[in-house]
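Welcome! Take a moment to look over the sequence and the 3D view, and then let us walk through some of the details together.

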Amino acid sequence: MSIIVGTWVAAFLTLCIFSFLYKDNPFYKFAEHLYVGSSAAYMLVYFYFFNIKPMLIDKFITSAGTVRWILIIPAFFGIIMILRIIPQISWISRWAIAFTMGIGSGIGIVAGIHGYILPQIKATFLPLVIPGNVVESINNIILIIGVITTFLFFYFSKEHKGLFKVPVRIGMTFIMISFGASFGYTVMARLSLLIGRIHFLLHDWLHLI
Amino acid sequence: MFKKLATIDRRYIYVIIAICIIIPLLTKIVLEIKVSPPVQSAYDSMEKLPTSSSVLFSIDYEPSAEPELQPMLLAILRHAFKKDLKVIVMCHWPLGFPLGQSALVQVAKEYNKEYGKDYVNIGYRPGTEAIMIGIGREIRDFFASDYAGVLLDSLPMMRAIHNYRDIGLLIGLEAGATGDFWVRLAGAQFGQKIVLGGTAVTTPDWYPYLQAGQIDGLIGGLKGAAEYEKLVESSGRGIVGMTAQSVAHIAIIVFILLGNIGYFAIRRK
């Protein structure tokens, strides 16, 4: 019974949201506000029961020694983060933000250089001609031209004029192709979501398929 | 007439797109699906794993990406269970947990798999990057117990699993940037073999990883899910949805052409 009620509620809310495609209306507004409110409440409960309770409160109660007392540090930073809502002392929250940013930068810099920049540079050092493999040779040449000309496009110390204009134009074309591919994929993603919803309406709700 | 072409009311477009999706779904027409090399590589990576190897699934998406990634998860899980691999499911996104759990329960039942012996769900923990680095040392530092609070050491299949060295393949199903972290932390720092599956929005950003050999396979969007379903011979929402997707794409191309014909005709006048 609960599944049937849930399916009908989900179908009704889906149709409420789709009604916006015709024009803005009270049904859409109702579904939109319900979504925002329920999401906020759900996340609040979820984060308390999956983050704060097991990782701070329960751990503080069950742990002993250093492990227990070290939990005071994140608890302290968590509390001072909330001080942002009091304008007079909101500056204290910057300590927590600084702490978070410090950790984020530390991990990010190492991961970025070691895990992204260096492997990608290494993957660009390709042979221009591979004997007996014309397709791979052409691919490598295109890749290297693409990398160099795209770099040149972002070189702004020299005006994009004269002889310099040609590689910059080629670089821009590579960038445009990349944007086009990303946009095409994005259209596909949005249609997939629509297919998912229509599949739900036809399969789970109306049982037509 | 050309002005009308250039300014078609968007509501007509919505209706036609809806029809283009509804009719293929109702008629269940299936178009031929060609498997692309990135998806084939993903499949082969799993296929090469010896029996009883462990596969870690990271469910890093929420219901908003469910239409694309859930069919992918179901298809890959079927492949893993068919090969008798040990499946560990975890998530960095809190709402990924119920999606992962429902898929696990469904597919495990199909293959008569037993919880704790063949598969486990260790659930969600906050702290994405810290967890990824921490698993390199000891998974229990962050996941002392599974989603239900059962200690990992009391689950038979988890006794021999401590860090990345014990995990044959990591499958990251991603709707955001978590896939990048997996590659840059687990892949680059610990040499973990990774296959990424993403929404169609996120997939283009990961082709450089594939080209550089940082990941072993890439499954993109509903199309990727359909290709994987074809490889594991299990028709699901991916294959069914791809016909609707193709028809809708043709409709969009026709609208783009009509709009441009109208635009250039007006400009010439």
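Predicted model: local features only at pLDDT ≥ 70, side-chain atom pairs only at ≥ 80, totals over all residues.

B:Asp216 sits in the loop between helix H8 (207-211) and S6 of chain B, and B:Lys193 in the loop between helix H7 (178-190) and S5 of chain B, so the pair ties together parts that are 23 residues apart in sequence. B:Asp216 is partly exposed, with a relative accessible area of 26%. B:Lys193 also counts as partly exposed, at 39% relative accessibility.

## The strands next to it

Strand S5 (residues 194-198) and S6(B) run parallel and are joined by 4 bridges. In this pairing, B:Val195 stands opposite B:Gly217 in S6(B).

Which way do the residues of strand S6 (residues 217-220) of chain B point? B:Gly217 and B:Ile219 point one way, B:Leu218 and B:Gly220 the other way, and all are buried.

How many salt bridges does the structure hold over all chains? The count is 13. One of them links B:Lys86 with B:Asp118, whose closest N and O atoms are 3.5 Å apart. B:Lys86 lies in strand S2 (residues 86-91) of chain B, while B:Asp118 lies in the loop between helix H5 (96-110) and S3 of chain B, so this pair ties together parts that are 32 residues apart in sequence. B:Lys86 is buried, with a relative accessible area of 19%, and B:Asp118 is buried too, at 11%.

Another salt bridge brings together the side chains of B:Asp141 and B:Arg137, at 3.2 Å from N to O. Here B:Asp141 is partly exposed, with a relative accessible area of 42%, whereas B:Arg137 counts as exposed at 55%. There is also a network of salt bridges, which links B:Glu138, B:Arg140 and B:Asp153.

Is B:Ile122 buried or exposed? B:Ile122 has 0% relative accessibility, so this residue counts as buried. B:Ile122 belongs to strand S3 (residues 119-124) of chain B.

Beyond its neighbours within four places in sequence, B:Ile122 is in contact with several residues, among them B:Ile88, B:Val89, B:Met90, B:Ile139, B:Phe143 and B:Leu152. B:Tyr147 is in contact with B:Ile122 as well. These two residues are 25 apart in sequence, and their C-alpha atoms are 4.9 Å apart in space.

## Where the chains meet

Chain B gives 45 residues to the contact and chain A gives 38 residues. The area buried between chain B and chain A is about 3,700 Å², and carbon and sulfur atoms give 73% of this area. Between chain B and chain A the count of salt bridges is 0, while 9 residue pairs are found in polar contact across the interface.

On the side of chain B that touches chain A, several helices each supply at least two residues, including helix H2 (10-27), helix H4 (66-82), helix H9 (221-231) and helix H10 (237-268). H2(B) gives the most to this side, with 8 residues.

## Confidence in the model

The average pLDDT of chain B is 94, and 100% of the residues score at least 70. For the complex, the predictor gives an ipTM of 0.90 and a pTM of 0.91.

Methods:
Residues numbered from 1 in each chain as written. Chains lettered and ligands numbered in written order. Heavy atoms only, no water. pLDDT = per-residue confidence, 0-100. Buried < 20%, exposed > 50% of the residue type's maximum accessible area, 1.4 Å probe, protein only. Contact = heavy atoms within 4.5 Å. Pairing = 2+ DSSP bridges. Salt bridge = Lys/Arg side-chain N within 4 Å of Asp/Glu carboxyl O. Buried area = accessible area lost by both parts, 1.4 Å probe. Polar contact = N/O pair within 3.5 Å; in protein donor to acceptor, adjacent residues only side chain to side chain.
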